[in-house]
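Keep the structure open while reading.

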Amino acid sequence: MLQIKYVPVENAVAEWGNKDAVCKRFEGLRPKTLDALLVEMRKNPKFSNFVINPSHKIVWINFEGFLSYLKYRQNHRYDIRG
């Protein structure tokens, strides 16, 4: 089982970061897994504001918003979607 550990980046006062920063902050999170989670976040109106794409190559993710999404996803893991 994959274990993801939250690792704060030293002297981190930034609220937003790119994919590399998110993967560094959440140790064990792989880029492909992050891509899939970001697709889900963009589709959910409650969390879509936490992912910004100013161009087709640049993405910025809000760290607290991403953590909130992970908690939301954990709490709704067994919901039946119809």
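The model is predicted.

**Nonpolar core**
- The largest nonpolar core has 15 residues.
- Those with the most contacts inside this core are Val22, Leu29, Leu34, Leu38, Met41, Ile61 and Phe66.
- Two or more core residues come from each of α1 (19-25), α2 (31-43) and α3 (63-75).
- The biggest share is from α2, with four residues.
- Leaving aside residues up to four places away in sequence, Leu29 touches Ile4, Val22, Cys23, Leu34, Leu37 and Phe66.
- In soluble globular proteins, nonpolar side chains tend to be buried together.

**Aromatic rings**
- The count of aromatic pairs comes to five.
- Phe26 and Phe66 form an edge-to-face pair, with 5.2 Å centre to centre and 75 degrees between the planes.
- This pair links distant parts of the chain: Phe26 is in strand β3 (residues 26-27) and Phe66 in helix α3, 40 residues apart.
- Phe26 has a relative accessible area of 4%, so it is buried.
- Phe66 counts as buried because its relative accessibility is 0%.
- One aromatic cluster is formed by Phe47, Phe50, Tyr69 and Tyr72.

**Charge over a ring**
- Arg25 places its charged end over the ring of Phe63, 3.8 Å from the ring centre.

**Asn62**
- Asn62 counts as buried because its relative accessibility is 9%, under the 20% cut-off.
- Asn62 touches Glu15, Trp16 and Phe50, with residues up to four places away in sequence not counted.

Technical notes
Residues numbered from 1 in each chain as written. Predicted model: local features only at pLDDT ≥ 70, side-chain atom pairs only at ≥ 80, totals over all residues. Heavy atoms only, no water. Buried < 20%, exposed > 50% of the residue type's maximum accessible area, 1.4 Å probe, protein only. Contact = heavy atoms within 4.5 Å. Core = buried A, V, L, I, M, F, W, Y, C linked by side-chain atoms within 4.5 Å. Phe/Tyr/Trp six-rings, centres within 6.5 Å; stacked < 30°, edge-to-face > 60°. Lys NZ or Arg CZ within 6 Å of the ring centre and 35° of its normal.
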